[in-house]
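Good morning, everyone. Please look at the structure on the screen while I talk.

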Amino acid sequence: MSVEFEVVIGLEVHAELKTKTKIFCSCPTEFGGEENTHVCPVCLGLPGTLPVLNERVLEFAVRAGVAVDCEIANFSKFDRKNYFYPDLPKAYQISQYDLPICKEGKLEIAVDGEKKIIGITRIHMEEDAGKLLHSGNTITSSHYSLADYNRTGVPLIEIVSEPDMRSPEEARAYMEKLKTILEYIDVSDVKMEQGSLRCDANISLRPVGTSKLGTKAEIKNMNSFKALQKALEYEIERQQEVLEEGGTIVQETRTWDEEKGITVSMRSKEEANDYRYFPDPDLVPIIIEPDWVEEIKNSLPELPDAKRKRLVEKLGLSEYDAGIITESRALAEFFDKTVTLFNEPKTVANWIMGDFMRLLNVESIEVKDSKVTPEKMAALLENQADGKISGKMAKTVFEEMFVTGKTADEIIKEKGLVQISDEGSLGEIVDNIIEANPKSIADYQDGKKKAIGFLVGQIMKETKGQANPGVVNKLLQEKLSQL
Amino acid sequence: MKITAKDVEHVAVLARLELSEEAKEKYTQSLNDILEYMEVLNGVDTKNVEPTAHVLSLKNVFREDESQQCLDKKLALSNAPEEENGCFKVPRII
Ligand SMILES: [Zn+2]
């Protein structure tokens with residue numbers, strides 16, 4: 001018989017901070033750029049140089065900390081993590097060991113409507129490593145590597161969660177939430193594909209009902225939310241098989257192979273995790289005043305949870321709609337702005353989640369780069385609400401607006417998209433159509449209510465689609481009942 | 001003896017050092033001598049002393065987030081034992 005296993009997952013998330021310069025030197029952090037042109041004696045680890053902390057890095061780390069309810073350390077310091085790897089020119093990484101800048105935070109996730117709090121153990125500051133390009137097609141077939149140190153010293157925060165997640169879905173929800181929060185507080189670009197947001201997962205299984213943690217594997221190289229979920233699903237199956245066959249899990253690092261859809265063991269380091277941390281004598285301690293933390297707290301924008309709650313409670317959106325709109329700060333701000341100009345939150349939400357998001361996706365455009373502005377969208381919705389154009393016309397106008405950036409009024413004028421709502425002129429057309437279609441009228445009077453659809457169609461055809469369908473329906477009903 | 005020859009071997013591997021048997025013996029002794037001296041220090045009553053994180057009494061030394069001129073690429077690579085395509089050429093890892 002088989003034992004039921006419980007999955008235990010904890011995530012270590014690295015986010016590159018959006019500062020102009022590196023963490024300990026004045027080289028730019030810019031992505032791309034010719035190899036080894038964003039380097040200096042400090043980040044190349046040349047002898048005799050001294051690192052000095054970028055004040056923005058500290059501010060951003062504290063910002064992230066307060067956004068996820070962390071306690072901010074009054075006293076914090078940097079340590080050296082020692083290991084040899086060619087992407088690390090100093091042969092140590094400056095990180096934080098026993099006195100990280102933030103600890104004991106939390107965030108809330110929801111999976112299938114079930115809410116859950118995930119604990120955050122700590123957040124610490126550290127420097128990124130360089131990039132190794134391999135000469136062969138794969139790392140194993142190459143004879144040598146080429147090191148580009150442009151990324152060396154780019155500031156990172158590492159956010160370590162408690163082992164609180166019980167499924168790949170929860171891990172994904174946590175990661176998505178964290179991404180949203182970091183985007184809202186504007187400390188990172190949070191682009192998983194570009195590596196400005198990275199994630200390692202610790203995963204183990206244990207028999208249901210036991211509390212001792214099983215032996216874990218650390219999974220690396222998951223470059224998207226989907227990859228994270230798939231890698232964890234695979235790893236659960238793998239570990240379950242090993243345990244069910246009476247085997248034991250080896251504590252090791254495994255890498256996710258996206259193409260094959262499996263995790264592969266990376267050589268288990270013979271001297272695992274012996275980093276011999278010690279305080280970095282080149283950097284002095286950081287003392288943080290509570291007033292400054294308070295100031296940062298007050299400077300935070302409305303965070304996703306609060307925004308979602310407001311959209312549901314004050315503006316009457318559904319939890320689902322509010323969740324989608326608040327997933328990105330840019331989208332949420334677009335929504336808020338549009339609602340201040342056109343005060344029908346549900347209509348605005350439908351347009352944003354429908355045509356707007358669809359076109360953004362299709363064209364791979366970000367909200368901030370879109371030619372549609374809240375002002376333009378609101379003006380379009382005004383036109384529709386006034387009955388000047390029909391819903392169908394509004395769609396046409398919106399698609400044109402998305403491509404050209406023209407205003408609704410301009411497009412309506414250019415395309416001659418005017419909806420006829422005037423009962424007088426429509427009444428005449430309705431009379432004509434009734435007269436011209438005696439058979440349909442007879443059908444209608446025989447109880448075939450569907451015949452009215454045909455009549456509406458004829459009227460729309462007659463008016464080249466410009467008749468207001470609501471008014472047409474109303475007039476038809478009236479006139480037919482008078483016959 | 002707290003430190004054994006095995007500990008010395010371990011540390012040597014981590015530091016990528018190759019040690020002769022003789023050196024291993026010598027370092028085992030030296031490291032133990034150091035630890036013994038630490039025992040003397042451990043005898044001091046430090047109940048009312050704050051742990052030291054840095055020997056200087058400095059704190060909060062920061063720089064502004066302003067970029068400055070980087071090294072010229074040629075100069076940056078001038079210490080590279082070998083270079084290729086503007087990169088430092090290093091042995092294959094793994
Ligand atoms: Zn630098």
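Start with A:Phe334 and A:Phe356. Both are buried, and buried means under 20% relative accessible area, exposed over 50%, partly exposed in between, with a 1.4 Å probe and protein chains only.

A word on the ground rules. This is a predicted model, where local features need pLDDT of at least 70 and side-chain atom pairs count only at pLDDT 80 or more, while totals for chains, interfaces and linings use all residues. Residues are numbered from 1 along each chain as its sequence is written, chains are lettered from A and ligands numbered from 1 in the order in which they are written, and side-chain values use heavy atoms, leaving out hydrogens and water.

Back to the rings. A pair of aromatic rings is described by the distance of the centres and the angle of the planes. The rule takes rings of Phe, Tyr and Trp (its six-membered ring) whose centres lie within 6.5 Å; planes under 30 degrees apart count as stacked, over 60 as edge-to-face and the rest as tilted. Over all chains, the search finds nine aromatic pairs. A:Phe334 and A:Phe356 make a tilted one, at 4.7 Å centre to centre with 35° between the planes. A:Phe334 lies in helix α7 (residues 329-341) of chain A and A:Phe356 in helix α8 (residues 345-363) of chain A, so the pair ties together parts 22 residues apart in sequence. Helices (H or I, at least four residues) and strands (E, at least two) are DSSP runs, numbered from the N terminus. A:Phe334 and A:Phe356 also belong to one aromatic cluster with A:Trp351, A:Phe398 and A:Phe402.

Next, charges over rings. The rule wants NZ of Lys or CZ of Arg within 6 Å of the ring centre and within 35 degrees of the ring normal. The charged end of A:Lys81 sits over the ring of A:Tyr275, 4.4 Å from its centre. The charged end of B:Lys89 sits over the ring of A:Tyr144, 4.2 Å from its centre.

Now the interface. How many residues of chain A are in contact with chain B? There are 56, and they meet 35 residues of chain B; contact means heavy atoms within 4.5 Å. The buried area between the two chains is about 4000 Å², with 62% of it from carbon and sulfur atoms. That area is the accessible area (1.4 Å probe) that two parts lose on being put together, summed over both. Two salt bridges cross the interface of chain A and chain B; each needs a side-chain nitrogen of Lys or Arg within 4 Å of a carboxyl oxygen of Asp or Glu. B:Glu66 forms a salt bridge with A:Lys20, with the closest N and O atoms 3.5 Å apart. On the side of chain A that touches chain B, the largest share, five residues, comes from β10(A).

Now A:Arg206. Its place is strand β12 (residues 197-207) of chain A. A:Arg206 is buried, at 9% relative accessible area. Its contacts beyond four places in sequence include A:Glu4, A:Arg166 and A:Leu213.

Last, two loop residues. A:Asp112 has phi near 50°, a positive value in a residue other than glycine. It sits in the loop between β7 (102-111) and β8 (114-127) of chain A, and is exposed at 78%. A:Arg276 has a positive phi of about 45°. Its loop runs between β15 (262-265) and β16 (278-279) of chain A. A:Arg276 is partly exposed, at 31%.
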